Amino acid sequence: MRLFGLGKRKVQHDLGQQAQILAQVRQGFGAHVQGRFPDQAAAVGPYLQGDDGLVVAATILREFADTANDALAAQCADIYRRSGHRLIVDRRNYRTLWKEAGHALQWPLFALPGGLHPYIHVQAATTVIGRNAHRFVDVTDSYAALTHVFETLDLLVCGWEFGRVRVDADSAMLAERLVQTATDIRNAMPQEPPLPKPVRELMRRNNTVDVYLPTGQRIVGQFNPGKTMREKLLA
């Protein structure tokens, strides 16, 4: 969702150190590593401390959002080649695409190139950014990062509604964290940018979804995306 103007980077960082941190968390954590997703996300957090860590966290969000968009664009191009049905990928509002495509699309967030996992790397990055939002706004492009947070939130909820993705505790935890981090970034900005269209649409709804245990069919709670967004983003 390229809705916001670009900010200006205010601090020069150690690019070599950032590359090393990103390589460490990419290779050391992910679906290829044994361990619960929340435990891995917690273990990634210490790598993202300090100004360079915050920049790496922003890089994780950008790369994840970019590769997710590329994956969907590739699917849409394949659908067009096979059927002649042209689907438009608009990063500002993925809901329009998913509503039109229905089950023709596959939710791509678990198998993106580069190995970044939503419940590990994105969870860790958004947690660190949210907890250090005021410093984050000073050291990196917070407008772009906020855009990527909202893009990921949009894709996550679209997966629940249209992509046949089961809402488990890890997925609900990420959704709640994305909303909270978006709130923290906006509150730390000198001027809060407007909320994107998919968020405004969801805030007008009051749908509750069941949340399942990550392994098994037991329901462990419920989650209301619209209510959560209203309580956080409009506070």
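Predicted model: local features only at pLDDT ≥ 70, side-chain atom pairs only at ≥ 80, totals over all residues.
Student: OK, at what angle do H3 and H7 cross?
Tutor: The axes of helix H3 (residues 50-83) and helix H7 (residues 142-162) cross at roughly 45 degrees and come within 9 Å. Helices here are DSSP runs of H or I with at least four residues, numbered from the N terminus, while axes are lines fitted to C-alpha atoms over the stretch in contact, with angles from 0 to 180 degrees between N-to-C directions.

Student: What do you call that arrangement of H3 and H7?
Tutor: H3 and H7 are therefore oblique to each other, since angles under 35 degrees count as roughly parallel, over 145 as roughly antiparallel, 65 to 115 as roughly perpendicular and the rest as oblique.

Student: Which residues in H3 and H7 meet?
Tutor: On the H3 side they are Leu61, Arg62, Phe64, Ala65, Ala68 and Leu72, and these meet Ala145, His148, Val149, Glu151, Thr152 and Leu155 in H7, where contact means heavy atoms within 4.5 Å. The residues of this contact of H3 with H7 divide into 8 nonpolar, 2 polar and 2 charged; Ala, Val, Leu, Ile, Met, Phe, Trp, Tyr, Cys and Pro count as nonpolar, Asp, Glu, Lys and Arg as charged, and the others, Gly among them, as polar.

Student: Switching topic, where does Tyr47 lie?
Tutor: Tyr47 lies in the loop between helix H2 (37-44) and H3. Leaving aside residues up to four places away in sequence, Tyr47 touches Ile21, Gln24, Val25, Phe29 and Gly53.

Student: How far apart are Tyr47 and Val25 in sequence and in space?
Tutor: They are 22 residues apart in sequence, and their C-alpha atoms are 7.4 Å apart in space.

Student: And Arg91, buried or exposed?
Tutor: Arg91, in the loop between H3 and helix H4 (94-101), counts as buried because its relative accessibility is 14%; buried means under 20% relative accessible area, exposed over 50% and partly exposed in between, with a 1.4 Å probe and protein chains only.

Definitions and conventions
Residues numbered from 1 in each chain as written. Heavy atoms only, no water. Helix = DSSP H or I, 4+ residues; strand = E, 2+ residues; numbered from the N terminus.
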